[in-house]
Amino acid sequence: MVAKRLDGKVCAAQVESELVERISKCGSLGITPHLAVVIVGDDPASHVYVGSKVRACERLGIKSTHIELPADATEQQVREIIESLNQQNDLHGILVQSPLPSHMDEESLTDMIEPSKDVDGFHPQNLGRLVQGRLDGMLPCTPSGVMRMLSWAGVDTEGKTAVVLGRSRIVGMPQSLLLGAKGVDSTVTVAHSRTKDTRKLCSNADIVIAAVGIPEMVKPDWIKEGAVVVDVGINRVDDSSRERGWRLAGDVHPDVAQKAGWLSPVPGGVGPMTIAMLMENTVRAAELSVSEEEHS
Ligand code: NDP
């Protein structure tokens, strides 16, 4: 079997094309969706991600404000910026690019973002709603992008066994909640660094989502014939055959394509979906700001 491609680029383009009309409707109400991205330090990968987000905003006609601080900026400076962005009425989404320098408390800074502007979906109020099974809040972009891609491919999730590799606040844990939510109805196992015999767990699963950060960890003999495999991992690995000396690798070995029914590529899988869902959250935040105004 050769896996069908869970093509994040195609699916993300569809999400974006659906946003065009919503953005134009906002425009007719005098609102331009507006996203602020705060980045601290000079981590090259983070700058690449922020660049992609800003370009997606430009493509769609979403206004973006890009705030850059040096690596030695203080946490207080970031706090003041978030406070001021929270107050700005014409701004609908705030994103603080992770990772922040180690002298900053990332969680407490995320907690400061006004939940209605938390387009990353990491605020406890938004994650808490997800735990309650309320899927109408701001959902974290990467796991909700995975769900959108599964639905785009027509993957049946009801009653299926799913294994999520990783339990981070950003990907693994919300991913497992979304897969187990009412209406999605998979039976989910979450694996982490202390899990015993992860290979065996995966080999019984209908759906495997890998979000670990270990290059090509998931091998073909981990995967049941025909299973759906989503590779969230983005890892830089040395590759002397490339001019730049490295390449991107996922958490799933490419040979898994010989076994799986569906497989998402890296790059071109979950990455573009994460950005598309960020755009969708920003548009949604703008729409909600209009209905709030109407009710005030
Ligand atoms: P974290 O480092 O926060 O979490 C990694 C998780 O993997 C942890 O829960 C850890 O367990 C678990 N883990 C580590 N080793 C194993 C193992 N041997 N078996 C099973 N689980 C293990 O990473 P993130 O969740 O932030 O990101 C995961 C990957 O996804 C990274 O490659 C990242 O670059 C990528 N990513 C991609 C995005 C995209 O848009 N495509 C967006 C965000 C992330 P424990 O909790 O016990 O430590």
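The shell around the ligand divides into 9 nonpolar, 10 polar and 1 charged residues. Here Ala, Val, Leu, Ile, Met, Phe, Trp, Tyr, Cys and Pro count as nonpolar, Asp, Glu, Lys and Arg as charged, and the others, Gly among them, as polar. This is a predicted model, in which local features need pLDDT of at least 70 and side-chain atom pairs count only at pLDDT 80 or more, while totals for chains, interfaces and linings use all residues. Residues are numbered from 1 along each chain as its sequence is written, and side-chain values use heavy atoms, with hydrogens and water left out.

In total, 20 residues surround the ligand, a residue being near if one of its heavy atoms lies within 4 Å. The closest are Arg-167, Ser-168, Ser-193, Ile-234 and Thr-274. Helix H9 (residues 270-295) gives the largest share of the shell, 3 residues; helices (H or I, at least four residues) and strands (E, at least two) are DSSP runs, numbered from the N terminus.

Now for the polar contacts: pairs of N or O atoms within 3.5 Å, where pairs within protein also need one atom able to donate a hydrogen and the other to accept it, and residues adjacent in sequence count only if both atoms are side-chain atoms.

| Residue | Protein atom | Ligand atom | Distance |
|---|---|---|---|
| Arg-167 | polar side-chain atom | oxygen | 2.7 Å |
| Val-232 | backbone N or O | nitrogen | 3.3 Å |
| Ile-234 | polar backbone atom | oxygen | 3.1 Å |

On its own the ligand has 920 Å² of accessible area, and the protein covers 70% of it. Such areas come from the Shrake-Rupley method with a 1.4 Å probe; for residues, only the protein chains shown count as cover.

Ile-234 sits in the loop between strand S8 (228-231) and strand S9 (235-238). Why does Ile-234 count as partly exposed? Because its relative accessible area is 43%, and the class runs between buried (under 20%) and exposed (over 50%), using a 1.4 Å probe and protein chains only. Together with Val-48 and Tyr-49, Ile-234 makes a nonpolar surface patch of about 260 Å².

Ser-264, in the loop between strand S11 (262-263) and H9, is buried at 3% relative accessibility. Its side chain reaches the backbone nitrogen of Asp-231 at 2.8 Å.

Most residues other than glycine have a negative phi, and most peptide bonds are trans. Yet a cis bond joins Val-266 and Pro-267, with omega about 0°, and Pro-267 is also in the loop between S11 and H9. Ser-98 and Pro-99 are joined by a cis bond too, again with omega about 0°. Asp-197, not a glycine, has a positive phi of about 50°, and Glu-216 has one near 55°. Asp-197 is partly exposed at 45% relative accessibility, whereas Glu-216 is buried at 16%.

Glu-216 turns up again in a network of salt bridges with Asp-239, Arg-242 and Arg-247. A salt bridge is a side-chain nitrogen of Lys or Arg within 4 Å of a carboxyl oxygen of Asp or Glu, and the structure holds 12. One of them pairs Arg-22 with Glu-287, the closest N and O atoms being 2.8 Å apart.

Terms used
Patch = residues over 30% accessible without salt bridge, like charges linked within 9 Å, V, L, I, M, F, W, Y side chains within 5 Å.
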